[in-house]
Amino acid sequence: MSQSIDHVLRQLREAGIHVSRRELLRLAMFSSAALVSGAALAACGGQEGGGAGGATPPSGTTGAQASPTTAPAATPGQQAASTPTAAAQPRKGGVWRMALHANPTAYPITIPGALADILVNKTIYNCLTQYQLKDGAIEVVPDLAESWEANDDLTEYTFRLKQGVKWHDGQPFTADDVKFTFEAILNPNVNAALRGPVSSIDRVEVVDEHTVRFILKRPFAPFPVMLGYNQAIVPKHLLEGQDLNQPTEFLKNPIGTGPFKFKEFVQGSHLEVAANPDFFDGAPYLDGIVFKVIPDGNARVAQVKAGEVDFTVIEPPQVDALKGADNVEIREAPQVNYYFFAVNHTVPRLQDVRVRRALSHAIDKQAIVDRILRGYGQVATGPINPLLGDYYNPDVTTYEYDMDKAAALLEEAGWTKGPDGVLVNASGERFTILFNGPKGFPVMEQVITYAQQQYQKLGIEVTLDIVDWPVHLEKYRNLEYDLLMEWWITPPDPDLYDHYFSESAQNRWAYKNPQLDELLVQARSEADRAKRVQLYHEIQKLIAEDLPVIYLYYPRELQAVSKRTKGLPLIGYRDALTWMEKVWLEG
Amino acid sequence: MAAYVVRRLMQAVILLFIVSVLTFLLIHSAPGGPALLANPDLSREQIQQMTEQLGLDDPLPVQYARWLRNVLRGDFGNSYNTVQPVTRLIAERLPNTVMLTGLALVLSIAIAVPLGVLSALKRNSALDRVIAGFSFIGVSIPVFWLGIMLIIVFAVQLKLLPAGGMYTLGAEFSLVDRLEHLLLPTLVLVVANLAELTRYTRSGMINVLSEDYIRTARAKGLPNRVVLIRHALRNALIPVITIIGVLLPRAVSGAAITETVFSWPGMGRLAVEAAMTRDYPVVLGATLTVALVVVLSSLVTDLLYAYIDPRIRLG
């Protein structure tokens with residue numbers, strides 16, 4: 001223990017930060033493992049040159065810079081491991097058990113999109129980049145990549161890959177695998193679910209065994225971020241020539257580069273992975289991870305309480321059930337996610353911005369956060385999450401709860417109450433809203449029911465359409481709704497093109513705003529970070545004014561974690577799972 | 001007898017065909033389409049393309065004919081969600097369900113038949129009322145509630161039994177461990193089955209006890225035990241066998257709710273989850289499997305009738 005304290009002290013001093021041994025110890029005593037490592041990271045900042053093996057990647061490796069990114073000697077997670085934490089030294093051994101809601105498939109090319117697949121694949125495979133939380137903002141750091149650089153107009157990215165990385169079957173990982181993976185994802189005959197984030201790629205060139213170059217169709221600043229968004233690299237030597245949509249042979253024993261190797265999958269029961277002692281970033285502490293399939297939400301809570309699983313995410317209403325369980329800690333993890341009422345812009349009465357503003361004024365978002373989310377969230381001001389650091393612009397038009405203002409705006413837009421209390425316009429059209437939502441999401445159902453009551457108070461006739469998940473998404477896709485509740489979890493980059501650009505396939509609301517379109521293209525092509533921040537501030541102002549959808553809240557992810565779990569970064573579990581080699585279990 | 005069985009089996013084939021057509025029509029007319037295609041990350045073009053790849057843009061009769069042709073070759077297709085062959089999914093899940101629901105069925109019979117007989121013999125006594133009371137409670141408790149309550153009491157509070165799953169993961173196979181995992185879900189299923197079986201046994205027994213041949217048997221001076229078991233119970237079991245014939249397919253179709261609450265990887269969950277996500281090949285495969293068992297168990301039931309009641313002639 002004292003030895004590693006000294007080690008950290010040395011590292012910090014090399015970075016030009018002077019803390020006394022006592023201060024560090026005190027810090028360690030009062031903070032959880034994640035906090036200490038986070039503090040140490042924050043302290044290191046990016047000044048450190050690569051001393052005793054603890055260099056952090058410089059901040060701002062988002063690729064917005066054209067300058068080469070220095071090669072970090074190690075990923076920051078390693079510091080979490082070498083950092084002495086609260087009470088004990090990381091201990092080897094033990095199996096960590098995590099609850100999944102559905103069967104996973106350990107194949108990252110086609111099926112993901114299903115959350116269970118994404119989670120499991122984080123431990124078996126690696127992307128070129130990954131994310132970590134620093135100073136309350138999410139940043140992109142290397143994973144299989146060692147460093148990267150872009151040309152001046154952001155149309156070419158060259159990635160240097162880590163050397164000596166091996167697939168679980170012992171074959172070397174090379175640039176050919178990277179090329180193969182992205183060509184598979186972009187192949188129109190492959191049903192790649194996550195093609196969107198890398199659709200900017202025109203072609204991939206192998207420069208040498210450990211260098212790969214991406215030539216893009218257009219300037220694209222967030223490219224390195226997108227490569228960390230579930231874009232796991234798969235082995236060419238096993239998948240070449242296979243049916244990439246149904247690789248039944250490969251699925252019997254999926255092979256990755258990750259800290260854990262596939263061990264077994266029992267349908268409907270569990271998927272188990274075992275430690276990969278040859279992992280390029282150091283052998284994991286855990287012997288393995290078991291992903292238990294527990295479809296019922298109450299059963300997941302019961303199992304974490306009974307000590308049969310170490311991790312599950314929960315919904316705000318389930319917090320009470322876990323109060324008083326002394327073996328479980330409830331953590332609030334930030335996530336890049338916002339909830340909103342989608343607005344169908346093909347419906348004439350919703351095309352009037354005054355109507356959309358009225359619909360926003362009528363909703364008490366703070367009350368939703370306080371009462372329905374039980375405080376585990378924050379009122380949303382727009383589509384860009386505060387986790388994106390200086391990209392987030394809090395200084396935009398907001399729509400505070402004000403029913404009088406809402407009523408006045410509707411009247412201004414030509415809607416007056418008819419004899420039966422329902423709003424009608426000059427041509428006698430009644431103001432009706434078909435409000436769609438998915439079945440089986442208690443929080444969303446509560447929010448929709450609340451909104452229905454609020455809108456009815458204004459004289460709007462609201463019909464609820466709460467339907468099964470696939471039906472909900474089909475209606476969303478086909479614009480068969482007036483309002484619809486949904487959320488977007490996005491990569492940690494402010495790029496809004498996919499969801500807001502008029503002609504984008506993912507613009508689900510038929511929203512068209514030429515002024516915004518222009519800014520969106522400009523912002524995603526901007527190489528200078530400061531200018532890019534400025535552009536996104538402008539975009540957020542414009543969006544807040546025009547209100548394409550009704551923004552509700554940024555939720556926080558609620559994690560029920562066994563107290564014996566140590567070293568799990570406090571970040572959304574999709575990203576925390578990329579750091580599983582650092583997690584250990586207390587005796 | 002053999003001719004009868006052959007004829008019944010041929011009827012079964014026709015029946016299975018009809019079931020498959022109906023299932024096919026029903027699942028395809030359910031709104032929403034496969035969840036695979038409902039992924040919000042997919043673009044419209046990709047969805048179009050995947051629809052074509054899966055052959056979902058063909059007219060329904062074409063799709064059905066293609067499915068049937070493959071089935072006749074023994075290929076039930078792959079699950080949309082997990083890419084695994086449907087036959088393998090079912091082969092993995094079926095034994096789990098049979099273990100759970102089979103044990104529950106055997107236990108239910110072992111408990112319910114004696115209780116029913118007892119109720120019938122001591123008709124309207126305090127004991128009869130107590131048994132009736134418990135039966136009604138058992139049939140009225142929602143399965144998911146009972147399951148969660150049992151988990152909270154025995155797994156969370158007392159920490160005596162596991163909260164779910166089939167076995168302790170990572171541990172060597174042990175019978176004790178398996179039984180511990182079976183105990184709570186079996187209990188839930190037995191409680192749910194018990195009422196039906198007890199009531200049927202009781203009413204069957206009461207009917208039989210008032211028959212002339214029982215009076216005759218008693219008049220002959222046969223010992224009470226012989227009268228009850230040889231003459232009464234055997235005849236009273238006919239309606240009970242009917243009920244078991246109904247319960248048997250349930251043992252294969254699984255108990256979706258119980259399996260969900262106890263994270264038991266059985267057929268019920270497979271079928272329900274496939275239906276929810278519109279995983280057409282799995283829905284069809286699971287439904288046909290259950291249909292096959294229904295047909296076979298009704299055949300077995302009929303054969304059992306003939307064995308128990310010589311008045312029934314098959315043919």
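Two strands pair if DSSP finds at least two bridges between them. Strands (E, at least two residues) and helices (H or I, at least four) are DSSP runs, numbered from the N terminus. The model is predicted: local features need pLDDT of at least 70, side-chain atom pairs count only at pLDDT 80 or more, and totals for chains, interfaces and linings use all residues. Residues are numbered from 1 along each chain as its sequence is written, and chains are lettered from A, ligands numbered from 1, in the order in which they are written.

**Exercise 1.** Find how β17(A) and β18(A) are joined.

*Solution.* 
- Take β17 (432-438) and β18 (461-467) of chain A: they run parallel, joined by 7 bridges.
- Check one pair: N436(A) has D465(A) as its bridge partner.

**Exercise 2.** Work out which strands stand at the edges of the open sheet of 4 strands in chain A.

*Solution.* 
- Write the order: β4-β5-β7-β6, with antiparallel pairing.
- Count partners: β4 (145-150) and β6 (201-208) of chain A have a single partner strand each, so one side of each lacks a neighbour in the sheet.
- Inspect β6(A): 6 bridges pair it with β7 (211-216) of chain A, and V206(A) stands opposite V212(A).

**Exercise 3.** Decide whether S263(B) is buried or exposed.

*Solution.* 
- Locate S263(B): it sits in the loop between α10 (256-261) and α11 (267-276) of chain B.
- Apply the cut-offs: buried is 20 or more other C-beta atoms within 10 Å of the residue's own, exposed 12 or fewer, partly exposed in between, with C-beta atoms placed from the backbone.
- Conclude: S263(B) has 28, so this residue is buried.
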